[in-house]
Amino acid sequence: MAKRLLMTYALWAVGGPAGLHHLYLGRDSHALLWMLTLGGGGLGWLWEFWKLPSFVAQANRAQEQRQSSGRGIPPLSLIRFVAQMIVGIYFGLVALISLSFMASFYIVGLPLAVGLGVLLVAAIGNQTSDLKNTLGAAFLTSPVFYGRPIAILPISLAASITAQKHRRYKPSAGSETLSVRLYRLGLAYLAFTGPLVYSVLCNTAVALSYVADTLGSVLRWFSFFPLLGRLLESIFLLPFRAWKLLVGDHGISSSYFQEWAKLYEFVHGFQDEKRQLALQAFGLSEGATNEEIHGRYRELVKTWHPDHNRHQMEEAQRHFLEIQAAYEVLRQPRKPRASWNWE
């Protein structure tokens, strides 16, 4: 049955980030990728608006195209290679958060997750790649940086190069029922999200620690490229700045702020934000001396000590905790940016 462009656009608009239009066109790998990444973070979903006519045309001639192209090699695609790298890293990060308790995680779990992410992108559309060679490259590369989250990068790079080297067109195959396809997609989705949800809900502190360590390693990996490192820091800080804009400034002792502090301990830009909040709580400006900070601390402690403010105990306690937290931040010596930052 021929696929219709109007129906494809309707499904793209209604359930595009969940991959409904790809499911309609028989592009199950693409549908799964969109389910796991919410349409590539929304950007991939928007970019597809101009690609839908070609997707529909490809779906309508899929049988003939596969039969006629099965003996050839698909053209090399830089976009597909970059997407394989990104999705491989994404799968590796998710595995690090949810499966790192495994005894053989860095030898088995991590390369398997990264390799499957690369293969998922390789199988989009009418192309695919060799499963054994791609996973083999991932496993062979896993000892590099063994035991460190940064191992995700070389594993993803090796698997992506191998997947591109062994790219081929998908062979012709009979059509499957929708129920079978949905069953397969559902199992894949649960296998990906189940361990992640369990880890986040039941081991929140551990999950935050793994995320911080991983992203910190990524930033250190890009330390040879100062501008790119600064750009990545800005991107990592976007969720915090959006949260701060939406809920306002609740002070440096806010429990929510403390959770952000755990997550962003590795980001130099966040330490600057934290110091600015501490100075703001003390009513001081940048460049204040240690004597000024200590003197201001003693004044504020006397002013807001709960024993001296029994008529407004709750407000005094909140200010007192904020003063203590701000003083702890300002007491710490400022860490200079790494030598690769040109200042």
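D28 and R181 are both buried. In this predicted model, their side chains form a salt bridge, 2.7 Å from N to O. D28 sits in helix α3 and R181 in helix α11, 153 residues apart, so to speak of sequence, the pair links distant parts of the chain.

A search of the whole structure gives four salt bridges. Two others for comparison. R310 pairs with D307 at 3.8 Å, N to O. R310 counts as exposed because its relative accessible area is 60%, over the 50% cut-off. D307, at 47%, is partly exposed. Then R331 and E328, at 3.3 Å. These two lie three residues apart in helix α17, residues 313–331, about one turn of the helix. R331 is exposed at 53% relative accessible area, and E328 is partly exposed at 41%.

Now the nonpolar cores. Which residues of the largest one touch the most other members? They are L33, L36, F91 and L120, out of 20 residues. Helices α3, α5, α7, α8 and α11 each give two or more residues to this core, and α3 gives the most, with five. At least three residues come from each of domain 1 (1–62) and domain 2 (78–169). Leaving out residues up to four places away in sequence, L120 touches S29, L32, L33, L36 and F91. A second, separate core has 19 residues, including M85, F105, A113 and I152.

Last, the annotation. An unreviewed UniProt entry lists transmembrane regions, among them 6–25 and 105–125. Residues 105–125 are 86% helix, with end C-alpha atoms 31 Å apart. Residues 6–25 are 75% helix, and their end C-alpha atoms lie 12 Å apart.

Terms used
Residues are numbered from 1 along each chain as its sequence is written. This is a predicted model: local features need pLDDT of at least 70, side-chain atom pairs count only at pLDDT 80 or more; totals for chains, interfaces and linings use all residues. Side-chain values use heavy atoms; hydrogens and water are left out. UniProt positions are given in the numbering used here, feature names are shortened, and annotations may be inferred rather than shown by experiment. Helices (H or I, at least four residues) and strands (E, at least two) are DSSP runs, numbered from the N terminus. A nonpolar core is a set of buried Ala, Val, Leu, Ile, Met, Phe, Trp, Tyr and Cys residues joined through side-chain atoms within 4.5 Å. Buried means under 20% relative accessible area, exposed over 50%, partly exposed in between (1.4 Å probe, protein chains only). Domain bounds come from an automatic or database domain assignment. Contact means heavy atoms within 4.5 Å.
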